[in-house]
Amino acid sequence: MDGSSDWRFKTHLANLPIYFEYQEDGISSTDAIKGTYLDNYKDIFDLYINNSTCDPKELAGKTGDDSRNEFLDGEAVFFQNGSWEYNNLVGDGKFSDDDVTMIPIYIGAGDEANQGLCTGTENFWCVNKEAPEEDIQATLDFIYWCVSSDEGTKAMADMGFVIPFKNAQESQNVFVKADSELTAAGKTPVSWNFTTMPSEEWKNGVGSALTAYAAGTGDWNAQSDST
């Protein structure tokens, strides 16, 4: 729950109750969530902290590296993270592709039998419209080459990126493959809705409340008030 790791819980895990509320209400954003699924958020967080490799009171001092290393050392069975973690877990004497996979996070909401992975992005390629025209065109040409040519798509795949374009090279990232397999099987991906959260300061408030709750110095209502 330190700064290198709390983003997983104040952002990615907190996305789940927001996603299911948005789905139920048929919206994609709101000025204030109703908190329909905050009890489900509490349940999954309780499951995490009460089945961790350490006492919940110690979580404030634990880092993202700690959780990764405990997973690599076989001290932990589950590790919440994204497809970007692949190269830190597989190869060079670590796990093989057959050792790891990625599964949905179930919080007791929605159609779990048909739930896929949490899938999305906050990142986009942008081209500066104020740049010289020849630079703009060169940039667009390079981006097109990255996602259309054999050499470009291979380089992107080797770096673990997902390229949702025709004729793109298949990523060797086992977590990306798991997402593709679930989607092909008709499972519905959980979209990222945390881009509708008010601010980083707001998320920091959620993280602080979660940390205090885990340590036993705060109650869940403080976390609910933060959201």
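**Figure 1. Order of secondary-structure elements along the chain.** Read along the sequence of this predicted model, the elements follow the pattern α-α-α-α-β-α-α-α-β-α-α. The chain thus comprises nine helices and two strands, where helices (H or I, at least four residues) and strands (E, at least two) are DSSP runs numbered from the N terminus. Along its principal axes, the C-alpha trace spans about 55 × 45 × 35 Å. Of the 227 residues, 37% are buried; buried means under 20% relative accessible area, exposed over 50%, and partly exposed in between (1.4 Å probe, protein chains only). Among contacts with a separation of 6 or more, 60% join residues 24 or more positions apart, a contact being heavy atoms within 4.5 Å. Residues are numbered from 1 along each chain as its sequence is written, and side-chain values use heavy atoms, with hydrogens and water left out. Because the model is predicted, local features need pLDDT of at least 70 and side-chain atom pairs count only at pLDDT 80 or more, whereas totals for chains, interfaces and linings use all residues.

**Figure 2. Crossing of helices α1 and α8.** The axes of α1 (residues 7–25) and α8 (residues 200–215) come within 8 Å and cross at roughly 110 degrees. Axes are lines fitted to C-alpha atoms, for helices over the stretch in contact, and angles run from 0 to 180 degrees between N-to-C directions. The two helices, α1 and α8, are therefore roughly perpendicular to each other; angles under 35 degrees count as roughly parallel, over 145 as roughly antiparallel, 65 to 115 as roughly perpendicular and the rest as oblique. Their crossing is right-handed, a term that applies if the near helix is turned clockwise from the far one by less than a right angle, left-handed being the anticlockwise case. On the α1 side, F9, K10 and T11 take part, and they meet E200, K203, N204, V206, G207 and L210 of α8. By class, this contact between α1 and α8 holds three nonpolar, three polar and three charged residues. Ala, Val, Leu, Ile, Met, Phe, Trp, Tyr, Cys and Pro count as nonpolar, Asp, Glu, Lys and Arg as charged, and the others, Gly among them, as polar.

**Figure 3. Packing of helices α2 and α8.** Helix α2 (residues 38–49) packs with α8 at an angle of about 55 degrees, the axes lying 11 Å apart. The pair α2 and α8 is therefore oblique, and α2 passes α8 in a right-handed crossing. Residues Y41, K42, F45, D46 and I49 of α2 meet V206, L210, Y213 and A214 of α8. This contact of α2 with α8 contains seven nonpolar, no polar and two charged residues.

Figure 4. The axes of α5 and α6 (residues 150–158) come within 5 Å and cross at roughly 75 degrees. Helices α5 and α6 are therefore roughly perpendicular to each other. W145, C146, V147 and S148 in α5 are in contact with D150, E151, G152, T153 and M156 in α6. The residues of this contact of α5 with α6 divide into four nonpolar, three polar and two charged.

Figure 5. S67 belongs to α3 (residues 64–72). With a relative accessible area of 17%, S67 is buried. Residues up to four places away in sequence being excluded, S67 touches S5, R8 and F79.

Figure 6. D92 lies in the loop between α4 (86–89) and β1 and has a positive phi of about 55 degrees although it is not a glycine. Most residues other than glycine have a negative phi. D92 counts as exposed, at 78% relative accessibility. T121, in the loop between β1 (115–119) and α5 (133–148), is partly exposed with a relative accessible area of 40%. A32 is placed in the loop between α1 and α2 and is exposed, at 56% relative accessible area. The C-alpha atoms of A32 and M197 are separated by 9.4 Å, although these residues are 165 residues apart along the chain.

**Figure 7. Cysteine residues C54 and C118.** C54 is buried, with a relative accessible area of 14%, while C118 counts as partly exposed at 27% relative accessibility. With a disulfide taken as a pair of cysteine sulfur atoms within 2.5 Å, the count comes to zero disulfides.
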